[in-house]
There are 2 protein chains.
Amino acid sequence: MTTNERLVKQITAKSEDFSRWYAEIVQKAELADYSPMKGIMVIRPYGYAIWENIQRAMDLRIKATGHVNAYFPLFIPESLLQKEAEHVEGFAPEVAWVTVGGKEDLEERLAVRPTSEAIIGPMYSKWIKSWRDLPVLYNQWANIVRWEKVTRPFLRTTEFLWQEGHTCHATAEEAEEETLKILAMYKEFCETELAIPVISGHKTLREKFAGAQMTYAIEALMADGKALQMGTSHNLGQHFAKAFDIKFEDKNQTLQYVWQTSWGTTTRMIGALIMCHGDDSGLRFPPRVAPVQVVIVPIAAGNWKETVLPAAQAAAESLKKAGLRIQLDAREEATPGWKFSEYEMRGVPLRVEIGPRDVKNGQAVCVRRDLKTKQTVPLSELAARVPVILDEIQAVLFEEAKTFLAANTRPAGTYEDFKSILETKRGFVVSPWCGESDCEEKIKNETMATIRVIVPGTEARPSDVCVCCGKPALTVAHFARAY
Amino acid sequence: MTTNERLVKQITAKSEDFSRWYAEIVQKAELADYSPMKGIMVIRPYGYAIWENIQRAMDLRIKATGHVNAYFPLFIPESLLQKEAEHVEGFAPEVAWVTVGGKEDLEERLAVRPTSEAIIGPMYSKWIKSWRDLPVLYNQWANIVRWEKVTRPFLRTTEFLWQEGHTCHATAEEAEEETLKILAMYKEFCETELAIPVISGHKTLREKFAGAQMTYAIEALMADGKALQMGTSHNLGQHFAKAFDIKFEDKNQTLQYVWQTSWGTTTRMIGALIMCHGDDSGLRFPPRVAPVQVVIVPIAAGNWKETVLPAAQAAAESLKKAGLRIQLDAREEATPGWKFSEYEMRGVPLRVEIGPRDVKNGQAVCVRRDLKTKQTVPLSELAARVPVILDEIQAVLFEEAKTFLAANTRPAGTYEDFKSILETKRGFVVSPWCGESDCEEKIKNETMATIRVIVPGTEARPSDVCVCCGKPALTVAHFARAY
């Protein structure tokens, strides 16, 4: 048995047991590990590098749309969390509470932020006085804690990292415009950077953010046919403005409550990258967010240190100069075969092999992770060609995911079809729905599927009836089992 | 009274009451604000932008020296914090404890990290097996909580932001080398980016990090003559390796404990920028970390919207293209005079005024914040000249601070001189010291001065006696009252 085979054997095939594959690949690829506390993960450097790439690309978009970053406290006094009734009801069950500071019991418990509306509210109330102060367009990068019972690395953990936008506007229209602008920005981000196609729309009342007037979301489909919420954008209306007394004097000298939004994306996006693009050989990271875009493997043979190694080093330098994230693995204690399968497993988009014969021919062998195809490229053209190949890989991953999404989005007119699709194929099931929460609840209990979003443009026809209860349909919804 | 005068009157002069000036400027310049919780601040966008600039510049240096970023949990189980005896003794008094998760009382209390050695230890113990795994060079950007009684924005707050490096090495020598490499990197960072000169050396046992073998630090002098610790680099020896069982198999197949370091810098550096460079007109930010490097103020007169405004916009565009952080303030509701004093107060390094006559002459008036000098620059040369002027400002601020540091570092051979300097002039007092903790404690109780660092190269001469007790001196120390 070669080391190559040994390595592949260590990991459950994705096609065999998706859930085990996920848990194993996260650890084997050193993306994350379990901490000594149940449900709390450590993000290892290879995983954190993805987050840094996501942050950089997302932060650029957040700033390009006029937002600025700030930092609000980790702790929220219980009395503040309680100000918005629906909000506290939604979040209280999953709050971690600080009750002791130093040696003293606190007079008031402090929530470790499960989201920051309730600590930002009092500050906005203090800062905003006039229409001249609006809009307020703030974002923060922070850690969040939600006491979860069932956890899974990146997807659902007690602590996670995110960005949360919190904005205030003079009118309801502006707030709605902002909510939709961010939703569109999130969609573009996922598709461009993560190569993950998403559907976008609004949530039902049952699924909306606790305290919001309306929640919009983008949803992606994982390789096992389950949906994953990739980001949410909430129109908060004046719910928090009234709870926290956030008022401004308008141009007519009248005091008005502001209109707010909030929106967020999290480290869960890393989980989506794994589940959306991975295959039986391991991860496949889209080049734009891959921690390492190209691994260079010199083939050790003969006087390779005088011939192959300098060529590999020169190639690495030229690719770094082209702005790429490069790893050169010249270790002698590992065989080329071991390295090949190791970096395949780790999802490095492109492998560049350079052996003695390649040096003689002035070329390198480029092996794509997406299609596993090989091509020889002259060493002198490497810096020009590799960025083009990486763009192609990015495009292929996105196209594959789009094809998968389209193939796994199915209409169902009858409850039998609906249930059958969810049992045998999963994916999104698009069905007319009566609009009743009770019916939504019944579907969830019977099929484990929830309404992920209601996509604009998928209105019910007059003849449509609810897929579950048979009453006239109010709308058409995208249902799925979800993470 | 003009708005200009009103604004200046609102703030206590720095020369009059430094402490009040600091508290007021932090709020007026919108760097930070007080949250509803005592001792916990909100970092507002203008203050957070400085942190982003610091992060970017520091992260580059951290990565250039071979380190990678990771993310470890916010919570540390009490049993882990207790593993290193000195560590828990030092930190327990200032820990915030989570005792409730969701609706349930926790079986074990969780510390909100006051520093991360105790949560990283068990992970290193799991990950490190062989000499091939070393060195481990990790850093993390995170929030930290220490339950402080007396707080001051940026300088001492219950929650703050920092970077913390945590490394493991095969030998004591490598760990010491890393500790000193980081100390030198921190010093270079402060001097290059923040224009703050620092002295560097090691701490006494009394002042070292709880659990470290040796703590090194860089210390700066604030304008009121008090010292501020700007960063620390700890050689942890094998203290935590033994407490957390972090072992590796060396090249001779023998199990050895690793040698560790840890090191950090925090949002406190923003406090140093304020206190080191500010003057009676407000802040003076060094261009390299200033949130806004250049403010452009068009002078509204006559048909300014057809003449002055387009020129100001063109100037802003050309400066942005040159990679500078620009603000164009074309608001009509504020007078130029109000804007001038506002941006002086906010510490913007350079103001570019463009009026009708300037447009006719194809020029702009550049006013430096550091020296308050004016110069006219042809509009066509603005993008080339402004970066040069900003470099000059950076250099002037650094030179001023170096002069101040040199002028306020005084030797004292007798305890009378020592006390007199601290009473009347403050600054660093350089005196021989016997090396006894009791004597160090006595000096602190009587003069409020502590040993900030022992600088290499300031050894005691054979004839030197301790400034306090008169016994033979072991070394020479830099004493100061400190934040």
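**Figure 1. Contact of helices α3(A) and α7(A).** In this predicted model, Ala57(A), Met58(A) and Arg61(A) of α3(A) meet Met185(A), Phe189(A) and Glu193(A) of α7(A), where two residues are in contact if their C-beta atoms, placed from the backbone, lie within 7 Å. The residues of this contact comprise four nonpolar, no polar and two charged; Ala, Val, Leu, Ile, Met, Phe, Trp, Tyr, Cys and Pro count as nonpolar, Asp, Glu, Lys and Arg as charged, and the others, Gly among them, as polar. Helix α3 spans residues 45–64 of chain A and helix α7 residues 172–193 of chain A; the two pack at an angle of about 145 degrees with their axes 11 Å apart. Axes are lines fitted to C-alpha atoms, for helices over the stretch in contact, and angles run from 0 to 180 degrees between N-to-C directions. The crossing of α3(A) and α7(A) is right-handed; a crossing is left-handed if the near helix is turned anticlockwise from the far one by less than a right angle, and right-handed if clockwise. Helices (H or I, at least four residues) and strands (E, at least two) are DSSP runs, numbered from the N terminus.

Local features need pLDDT of at least 70 and side-chain atom pairs count only at pLDDT 80 or more, whereas totals for chains, interfaces and linings use all residues. Residues are numbered from 1 along each chain as its sequence is written, while chains are lettered from A and ligands numbered from 1 in the order in which they are written.

**Figure 2. Relation of chains A and B.** Chain B is superposed on chain A by a rotation of 180 degrees with 0.0 Å of shift along its axis (RMSD 0.0 Å). That is the relation of a two-fold axis. The superposition is by least squares on the C-alpha atoms of residues with pLDDT of at least 70 in both copies. Among the residues of chain B, Val98(B) comes closest to the rotation axis, with its C-alpha at 2.1 Å. The same surface serves both copies, as 100% of the contact residues of chain B recur in chain A.

**Figure 3. The side of chain B that touches chain A.** In chain B, 42 residues are in contact with 42 residues of chain A. Elements giving two or more residues to this side of chain B include α3 (45–64), α6 (117–127), β7 (136–145) and β8 (159–169) of chain B. The most is given by β5(B), with six residues. By class, this side of chain B has 30 nonpolar, six polar and six charged residues.

Figure 4. An open sheet of six strands runs in the order β4(A)-β6(A)-β5(A)-β5(B)-β6(B)-β4(B), with antiparallel pairing; two strands pair if DSSP finds at least two bridges between them. Its edge strands are β4 (75–77) of chain A and β4 of chain B, each pairing on one side only. From one strand to the next, the twist averages 45 degrees. Across the two chains, β5(A) (residues 96–101) and β5(B) pair in the antiparallel sense over five bridges, and Ala96(A) stands opposite Gly101(B).

Figure 5. β5(B) is joined to β6(B) by four bridges, and the two run antiparallel. Gly101(B) stands opposite Glu104(B) in β6(B). These two strands, β5(B) and β6(B), form a hairpin with two residues between them, and Gly102(B) in the turn has a positive phi of about 65 degrees. β6(B) (residues 104–112) also pairs with β4(B) in the antiparallel sense, over three bridges, and Pro77(B) stands opposite Leu110(B) in β6(B).

**Figure 6. Seven-stranded sheet of chain B.** Seven strands of chain B form an open sheet in the order β3-β7-β8-β14-β11-β10-β9, with mixed pairing. β3 (68–69) and β9 (199–202) of chain B stand at the edges, each with a single partner strand, so one side of each is left without a neighbour in the sheet. Within chain B, β11 (residues 227–237) and β14 (residues 259–266) run antiparallel and are joined by five bridges. Thr232(B) has Gly264(B) in β14(B) as its bridge partner.

**Figure 7. Backbone details in loops.** Most residues other than glycine have a negative phi, and most peptide bonds are trans. A cis peptide bond joins Leu134(A) and Pro135(A), with omega about -5 degrees; Pro135(A) is placed in the loop between α6 (117–127) and β7 (136–145) of chain A. In chain B, the peptide bond from Leu134(B) to Pro135(B) is cis, with omega near -5 degrees. Ala195(A), a residue other than glycine, has a positive phi near 60 degrees and is found in the loop between α7 and β9 (199–202) of chain A.
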